[in-house]
Amino acid sequence: MNLALFVPLLTLFLHALAGIVLAAPLPLERIANDATMECALFLPGDECMDCTPPSGWRVLGRDVSYPANYSIVSIDGICRGFENSRCCTEGHTGASGECSNLVRNDLSKECALVEDAINYTLPVGWIRKPASSISLSKWLCPLAYNWTSQLTVPVSNPAGKIFVIAARESEFLIDNTPASPNQWNWITNTNTEASWTFYNLPMNTDIHLYLTPLVTNKLNGGSGYSTDADISYETRSGSFQIRTVPLFNPQMQYATDSQGWGYQAYGLLEIPGNQIRSDGRMAVKLNIRQWRTEHVAVSNNCCVAEWHY
């Protein structure tokens, strides 16, 4: 069969076989390499991807005949996905976009594109692509989410305004040693302790500790999991109260793991206002729950204190 007819027909067949309808790619171009005396059909991209021929290849055009005595080969172009909301949303037509800078908020159901997401300091509730639990081609904004350009924490609800405070970066510790505040620090055994110290908390106002750690069953790999953690908080008397807090992964599909879809977990602990010290300071500690085997990653911003006023 003529190669010029075979490639488009194969593309249409694969799309039909998958049971989906994709937007049409750009028309195929004929390209040639005069040094190797080769020619090929080349796909220059589609609505979410731009492709250029490799070095040494020139575009002949769609209707130009191949040079005589050139052999027909198959080559891959140099392709770049487009970074925009359309090409980074689930179910979009076209090839994969460039979505490495996509971040999302599973509580407010929002997505955004930021500059240099790996090093971007995200507000509470926002997550970037997990390092290894999901491929880049699957890191997309869910269809039910809205796109935004403002990465903010909600400041009001029907009960009134919410005040949110994070621990000072210098007061985020792993085993009493200052830890990297904007990086994930893995806790892999029950003997390791993460701690945060909060200041300027109001007396006689109930405080909610909002926790957004990563949870997996294996260090730097494996599926996302839910687990339990022991949270200790300093009381007005100076002693520590211990509470067991479930850390729930909302993408759980089965009873014990998320089948690889994300590490982000969520937990909430209410602390009575009559337990807050008069100087407004409170230390909070997190340990993996005894007998649990999951691994938990924490950062300075994955534990915040919230209250209404």
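How many salt bridges does a search of the whole structure find? The search finds 8, a salt bridge being a side-chain nitrogen of Lys or Arg within 4 Å of a carboxyl oxygen of Asp or Glu. The model is predicted, so local features need pLDDT of at least 70 and side-chain atom pairs count only at pLDDT 80 or more, while totals for chains, interfaces and linings use all residues. Residues are numbered from 1 along each chain as its sequence is written, and side-chain values use heavy atoms, with hydrogens and water left out.

Strands here are DSSP runs (E, at least two residues), numbered from the N terminus. R292 is partly exposed, with a relative accessible area of 29%. D228 is also partly exposed, at 23%. These classes follow from relative accessible area: buried is under 20%, exposed is over 50%, and partly exposed lies in between (1.4 Å probe, protein chains only).

Salt bridges also link E234, R277, D279 and R281 in a network. R277 pairs with E234, their closest N and O atoms being 3.0 Å apart. R277 lies in the loop between β23 (267-271) and β24, 43 residues from E234 in strand β21. R281 forms a salt bridge with E234 as well, at 3.4 Å. R281 is in the loop between β23 and β24, 47 residues from E234. E234 is buried, at 8% relative accessibility. R277 is buried at 18%, whereas R281 is partly exposed at 24%.

The largest nonpolar core has 34 residues. Such a core is a set of buried Ala, Val, Leu, Ile, Met, Phe, Trp, Tyr and Cys residues joined through side-chain atoms within 4.5 Å. W196, F198, L201, L209, I231, V284 and V298 touch the most other members. Strand β24 (residues 282-288) gives the most to this core, with 4 residues. Another core, of 10 residues, lies apart from it and includes L102, C111, W139 and L140.

Among the contacts of L209 are F198, I231, M282 and V284. I165 counts as buried, at 16% relative accessibility. The C-alpha atoms of I165 and E306 are separated by 6.5 Å, though the residues are 141 apart along the chain.

Note on methods: Contact means heavy atoms within 4.5 Å. Lists of a residue's contacts leave out its neighbours within four places in sequence.
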